[in-house]
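Visitor: Hi! Could you walk me through this protein model?
Guide: Happy to, let's look at it together.

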Amino acid sequence: VEAVRLIADGKAPRIPQPKEGATYEGIQKKENAEILWDQPAAALHNWIRGHDKVPGAWATIDGQVVTFYGSSLLDTSVPAGQELAIKGASRPGLVTKNGLVVFGNDGKMVLVRNLQFEDGKMIPASKYFSADETTALELTEEEKKMAEDVR
């Protein structure tokens, strides 16, 4: 009752909560989510995973900001793939059939499954070098008739 009375009278003590030991993290911003490559693979994976989906961990590839999604630690031998230079990384990534393999400063690997470009286009990381290729859709005569009926 006394506490309620103090609050009602505006005389309750106000003790600011100390910041030491606080666990709340503010809203992450895209500019703070750049990947710092001089870390072990586990730290890179946690950084990418921790920023998945919002705001998205990113790096610069070919002068363009590319956001990384869907990482996992890779505990195999180095897979075959096409090298991809990533700004700030000490070793180029590898575009493989399963995704983009990036390396920590401990030599261990992280597999990234999806990449998103600045224009919002998202692709499987394994398709990085074929992203610009488009294939024309060819319809059979039956499908062309069905398309015309739908129109």
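This is a predicted model: local features need pLDDT of at least 70, side-chain atom pairs count only at pLDDT 80 or more; totals for chains, interfaces and linings use all residues.

Visitor: Which residues touch the most other members of the largest nonpolar core?
Guide: They are W37, F68, L100, V102, V112 and L115, out of 22 residues in that core. A nonpolar core is a set of buried Ala, Val, Leu, Ile, Met, Phe, Trp, Tyr and Cys residues joined through side-chain atoms within 4.5 Å. Buried means under 20% relative accessible area, exposed over 50%, and partly exposed in between (1.4 Å probe, protein chains only).

Visitor: Which elements supply at least two residues each?
Guide: α2 (41-50), β1 (57-61), β2 (64-74), β5 (100-103) and β6 (109-116) do. Those labels are DSSP runs numbered from the N terminus: helices are H or I with at least four residues, strands E with at least two.

Visitor: And what else is there besides that core?
Guide: There is a second, separate core of five residues, including L94, V101, F103 and M109.

Visitor: Which way do the residues of β5 point?
Guide: L100 and V102 point one way, V101 and F103 the other, and all are buried. In a regular strand the side chains alternate between the two faces of the sheet.

Visitor: What does β5 pair with?
Guide: Strand β4 (residues 93-95) pairs with β5 in the antiparallel sense over two bridges, and β6 also runs antiparallel to β5, joined by four bridges. Two strands count as paired if DSSP finds at least two bridges between them. V95 stands opposite L100, while V101 has L111 in β6 as its bridge partner.

Visitor: How many residues sit between β5 and β6 in their hairpin?
Guide: Five, and G107 in that turn has a positive phi of about 85°. The hairpin of β4 and β5 has four residues between the strands, with G99 at a positive phi near 150°.

Visitor: New topic: where is E142 found?
Guide: E142 is in helix α3 (residues 141-150).

Visitor: Is E142 buried or exposed, and why?
Guide: E142 counts as exposed because its relative accessible area is 62%.

Definitions and conventions: Residues are numbered from 1 along each chain as its sequence is written. Side-chain values use heavy atoms; hydrogens and water are left out.
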